[in-house]
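Biologist: I have a structure to go through with you. Can we take the side-chain contacts step by step?

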Amino acid sequence: MDQEKRLPGLRIRGELQPSFALIDMVSQMKESNTVLWIPPSKCSKRDAEIQNNLKEKPAVLSLEQQMVKLAATEEHITVDTSTDLQLQWALQRRGLAFDQCTLVNHDTHEAWVQQLLGQLTRDAPAGFAKVTTSQIIRADRELFTIMAQEIQGTLQPNQRGELPMDLKLRELRTDPRVTMFLLPLPKNTAPAEKAASSTAPPKT
């Protein structure tokens, strides 16, 4: 695989191999020059796609151009991101798909993935909660939303061979509009205080 030759030490197999559906989504972005956020829940792997295609799917009747057609229903692959490792694999598959379609270099996307996941292991200051998975997904979504707003025109390489999405991702990684979602939030002490007051003896 040409991609493995370009990325020495990386075996694009199993959990890291993007599904054809994921690659198609990224390819469509390039063809339409439209930046879209692809959430981890849609970053499926090739193995799951193969297993899904082997299943017997119920057929449905449809009417197209006054002709009745019998076709199998399409099932969307469910991507499990319930653990930090599964979330990492999903994001890395997306990065490999971006790299394969020459929209974002693998190193650039991987740096962003590590920045996101690194927040999950950081200790929070006293009185603050640790950063949650929902926060890093929100930051990821915000980055691509801003990217879609600020990139006008083609997603093809410029005259210097630079990729517009790659340049913008490098820029937005440290943008306050994105990093604000990666800050620890104050702990909510209201429920504890309410519970304590409910168990206190009544005043006489």
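Biologist: Is Asp-175 buried or exposed?

Modeller: Keep in mind that this model is predicted. Buried means under 20% relative accessible area. Asp-175 has 12% relative accessibility, so the residue counts as buried.

Biologist: Which residue forms a salt bridge with Asp-175, the closest N and O atoms being 2.9 Å apart?

Modeller: Salt bridges that share partners join Glu-150, Lys-168, Glu-171, Asp-175 and Arg-177 into one network. One of these residues is partly exposed, at 36% relative accessibility. The partner in the 2.9 Å salt bridge with Asp-175 is Arg-177.

Biologist: How are the rings of Phe-98 and Phe-144 arranged, stacked or edge-to-face?

Modeller: A search of the whole structure finds one aromatic pair. Its ring centres are 5.9 Å apart, and the planes of Phe-98 and Phe-144 meet at 10°. Planes under 30 degrees apart count as stacked. The angle is 10°, so the pair is stacked.

Biologist: How many residues apart in sequence are the parts that this pair ties together?

Modeller: Phe-98 lies in helix H4, residues 84-100. Phe-144 lies in helix H6, residues 133-150. The pair therefore ties together parts whose separation in sequence is 46 residues.

Biologist: Which residue meets Glu-15 in a salt bridge?

Modeller: Glu-15 lies in the loop between helix H1 and helix H2, and its partner is in helix H4. The N to O distance is 3.7 Å, and the partner is Arg-93.

Definitions and conventions: Residues are numbered from 1 along each chain as its sequence is written. This is a predicted model: local features need pLDDT of at least 70, side-chain atom pairs count only at pLDDT 80 or more; totals for chains, interfaces and linings use all residues. Side-chain values use heavy atoms; hydrogens and water are left out. Rings of Phe, Tyr and Trp (its six-membered ring) pair if their centres lie within 6.5 Å; planes under 30 degrees apart count as stacked, over 60 as edge-to-face and the rest as tilted. Helices (H or I, at least four residues) and strands (E, at least two) are DSSP runs, numbered from the N terminus. A salt bridge is a side-chain nitrogen of Lys or Arg within 4 Å of a carboxyl oxygen of Asp or Glu. Buried means under 20% relative accessible area, exposed over 50%, partly exposed in between (1.4 Å probe, protein chains only).
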